[in-house]
Amino acid sequence: MKVSGSDLPACRPVQPDDACALGRLFERLQSQGVEKFFHPHPLTQEAAEHRAAYAGKDVYCVLQMGTDLVGYGLLRGWDDGYDVPSLGLAIDASQQGRGHGRRLMEFLHVLARQRGAKRIRLRVYPENVRALALYQSLGYAFNLKRGTDGQILGFLELIPENELPGKEQAR
Ligand SMILES: CC(C)(COP(=O)(O)OP(=O)(O)OC[C@H]1O[C@@H](n2cnc3c(N)ncnc32)[C@H](O)[C@@H]1OP(=O)(O)O)[C@@H](O)C(=O)NCCC(=O)NCCS
């Protein structure tokens, strides 16, 4: 089921007062078993507090629906000196399959482009068919040889802002 219009959750960067709601999202994600596929950091209240207080070059975003946070995405690597950020995301299981993952990805792509990135990288387990299908449909190209952790590496070449057909704007 796709969601449209005013039902759409808003994509936005994490803010300092998100700590509690983000902690609740992390705990839900953890209880849903998401860490099998998504483990950029522990999904704990403490990690939520760190993200909420974070100030740096990397990007941490949420999907907000009413007062709830239903998705979390990140672009990181800039703080460590890399030019190519690594992307990750997770959507609350109750909200999956409604186009929210795709919208959060597109939002992250816009932010990456605005920060001057020419490419984005990500890693995914090939058995995570939902995520892999999403990434491939957005144009990521994968090296199908698994790394030591079992994941495959993909890259998206970002189209420069001035060459965009007006499709992928932050909403
Ligand atoms: C992967 C994930 C972010 C997708 O989010 P989502 O909101 O369910 O995805 P969307 O509804 O935007 O669907 C986007 C695409 O995913 C794919 N997809 C969605 N449901 C699918 C399913 N059941 N089977 C296969 N592909 C599916 C399709 O390509 C879909 O494209 P479409 O819109 O043209 O149909 C979400 O499933 C998730 O959070 N998974 C757990 C955490 C995770 O694995 N993160 C990625 C780590 S690399």
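Here's a quick tour of the chain, from its overall fold down to the ligand shell and a couple of individual residues. Keep in mind that this is a predicted model. The chain holds four helices and seven strands, and a ligand sits among 22 surrounding residues.

**Overall fold**
- Walk along the sequence and you get the pattern β-α-α-β-β-β-α-β-α-β-β.
- A compact globule of 171 residues would have a radius of gyration near 16 Å, and the chain's 15 Å agrees with that.
- The C-alpha trace spans about 40 × 35 × 35 Å along its principal axes.
- Buried residues account for 28% of the 171 residues.
- If you take contacts between residues at least 6 apart in sequence, 61% of them join residues at least 24 apart.

**Around the ligand**
- The closest residues to the ligand are Phe-37, Gln-96, Gly-101, Arg-102 and Ala-133.
- By type, the shell splits into eleven nonpolar, eight polar and three charged residues.
- Strand S4 (86–91), helix H3 (100–114) and helix H4 (129–137) each put at least two residues into the shell.
- H4 gives the most, with six residues.

**The nonpolar core**
- As background, nonpolar side chains in soluble globular proteins tend to be buried together.
- The largest nonpolar core in this chain has 36 residues.
- Leu-22, Cys-61, Val-62, Leu-89, Leu-104, Leu-108 and Ile-120 have the most contacts inside that core.
- Helix H1 (19–31), strand S2 (59–65), strand S3 (68–76), S4, H3, S5 and H4 are the elements that give two or more residues to this core.
- Leaving aside residues up to four places away in sequence, Leu-89 touches Gly-71, Tyr-72, Gly-73, Gly-101, Leu-104 and Met-105.
- One of those contacts, Gly-101, is also among the residues closest to the ligand.

**Strands S5, S6 and S7**
- Strand S5 (residues 119–124) runs antiparallel to S7, and the two pair over six bridges.
- Strand S6 (residues 141–143) also pairs with S7 in the antiparallel sense, over three bridges.
- Phe-155 in S7 has Arg-121 standing opposite, and Ala-141 stands opposite Phe-155 too.

**Gly-154, a spot in S7**
- Gly-154 belongs to strand S7 (residues 152–157).
- Gly-154 counts as buried because it has 21 C-beta neighbours inside 10 Å, where the cut-off is 20 or more.
- Not counting residues up to four places away in sequence, Gly-154 touches Arg-121, Leu-122, Val-124, Tyr-135, Tyr-140, Ala-141 and Phe-142.
- Arg-121 is 33 residues from Gly-154 along the chain, yet their C-alpha atoms are separated by 5.6 Å.

**Val-34, out in a loop**
- Val-34 lies in the loop between H1 and helix H2 (45–53).
- With 18 other C-beta atoms within 10 Å, Val-34 is partly exposed, because buried would take 20 or more and exposed would take 12 or fewer.
- Val-34 touches Leu-29 and Ala-90, again leaving out residues up to four places away in sequence.
- Val-34 and Gly-88 are 54 residues apart in sequence, and their C-alpha atoms are 12 Å apart in space.

Key:
Residues are numbered from 1 along each chain as its sequence is written. This is a predicted model: local features need pLDDT of at least 70, side-chain atom pairs count only at pLDDT 80 or more; totals for chains, interfaces and linings use all residues. A residue is near a molecule or strand if its C-beta atom, placed from the backbone, lies within 6 Å of it. Ala, Val, Leu, Ile, Met, Phe, Trp, Tyr, Cys and Pro count as nonpolar, Asp, Glu, Lys and Arg as charged, and the others, Gly among them, as polar. Two residues are in contact if their C-beta atoms, placed from the backbone, lie within 7 Å. The radius of gyration is taken over C-alpha atoms; the globule rule is 2.2 Å times the number of residues to the power 0.38. Two strands pair if DSSP finds at least two bridges between them. A nonpolar core is a set of buried Ala, Val, Leu, Ile, Met, Phe, Trp, Tyr and Cys residues joined through C-beta atoms within 7 Å.
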